[in-house]
Every structure is written in C-alpha cells, then in structure tokens.
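Student: I would like to go through this protein with you, contact by contact. Could you help me read it?

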Amino acid sequence: MNNLSNEINQLHADLCSALAEPNRLFILYALSEKSCNVTELTKLLEVPQPTTSRHLKTLRERGLVYAERQGSTIIYHLADKRLIEALDLLRTVLSDRLTHRASLVKG
C-alpha cells in the first residue's frame with residue numbers, strides 16, 4: 001500500500017475509534033438535534049462534567065464536532081450531518097444482524 005492509502009486507513013481507524021464509545025454516540029445524536037454546551041450535554045448523559053468534556057475533546061480532535069464561543073459559553077455543534085446518516089445505516093445493519101440471529105435461534 002502507498003503512503004496515501006496508509007494515511008487514509010489510519011484516519012478511518014481514528015474516526016471509528018471515536019465512535020466506539022456509547023456516550024460519544026449519544027453526544028453526536030444529541031448534537032444532531034440541537035447544539036449544546038457542556039452543562040446541557042452533562043445533564044443529558046448523566047455523567048460527571050469532566051467525562052463529558054473528555055468525550056467532546058475526542059470528538060473535536062477527530063473533526064466530528066466543533067466548538068463556538070458565545071460570550072462566556074462554548075457551544076458544541078455536529079460538524080457534518082452525514083455522520084448521523086452513516087450511524088443510522090450502521091444501526092440498520094446491526095438490526096438486520098440481530099434479526100438474523102433471532103431467526104436462527106427460532107429455526
């Protein structure tokens with residue numbers, strides 16, 4: 001493989017690792033509905049604020065969310081709505097796999 005392919009594969013793996021945590025998926029879905037600050041996301045997640053901040057840092061580093069200062073508050077936004085489409089597609093695949101497994105158990 002050439003260097004460009006290796007770099008693309010590494011970026012892909014980094015993106016997927018950011019998606020490999022349930023709370024980060026929850027944050028992405030929440031931000032797809034409305035932009036939020038850390039306090040709002042912390043209340044939705046029901047986890048300590050430092051935990052929310054760490055998840056947001058990971059999502060920011062991967063370019064999945066971005067932050068915008070509004071006065072003394074930092075508001076987080078979903079960087080690209082297509083991400084939710086991709087996550088929904090993965091959930092459809094997961095649902096189909098579960099349905100298939102259930103049919104094997106019944107049959």
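What follows is a set of questions and answers on charge pairs, helices, cysteines and strands.

Student: Before we start, what kind of model is this, and how are the residues numbered?

Tutor: This is a predicted model, where local features need pLDDT of at least 70, side-chain atom pairs count only at pLDDT 80 or more, and totals for chains, interfaces and linings use all residues. Side-chain values use heavy atoms, with hydrogens and water left out, and residues are numbered from 1 along each chain as its sequence is written.

Student: How many salt bridges does a search of the whole structure find?

Tutor: Side chains of opposite charge can pair when their charged atoms come close. A salt bridge here is a side-chain nitrogen of Lys or Arg within 4 Å of a carboxyl oxygen of Asp or Glu. Searching the whole structure on that basis gives four.

Student: Which residue caps the N-terminal end of H1?

Tutor: Helix H1 (residues 3-18) has 16 residues and reaches 23 Å from its first C-alpha to its last, close to the expected 22 Å; that expected span is 1.5 Å times one less than the number of residues. At its N-terminal end, a side-chain oxygen lies 3.1 Å from the backbone nitrogen of Leu4, and that oxygen belongs to Asn2.

Student: How many disulfides does the structure hold?

Tutor: A disulfide is a covalent bond between the sulfur atoms of two cysteines, and here the cut-off is a pair of cysteine sulfur atoms within 2.5 Å. Cys16 is partly exposed, with a relative accessible area of 36%, whereas Cys36 is buried at 1%. The number of disulfides is zero.

Student: Which residue has the backbone nitrogen that the side chain of Asn37 reaches?

Tutor: Asn37 lies in strand S1 (residues 36-37) and is buried at 17% relative accessibility. Not counting residues up to four places away in sequence, Asn37 touches Thr73, Ile74 and Ile75, where contact means heavy atoms within 4.5 Å. Its side chain reaches a backbone nitrogen at 2.8 Å, that of Glu40.

Student: In the hairpin of S2 and S3, which residue takes a positive phi?

Tutor: Strand S2 (residues 65-70) and strand S3 (residues 73-78) pair in the antiparallel sense over six bridges; two strands pair if DSSP finds at least two bridges between them. Tyr66, for one, has His77 in S3 as its bridge partner. The hairpin has two residues between the strands, and the residue with a positive phi near 70° is Gly71.

Notes:
Helix = DSSP H or I, 4+ residues; strand = E, 2+ residues; numbered from the N terminus. Polar contact = N/O pair within 3.5 Å; in protein donor to acceptor, adjacent residues only side chain to side chain. Buried < 20%, exposed > 50% of the residue type's maximum accessible area, 1.4 Å probe, protein only.
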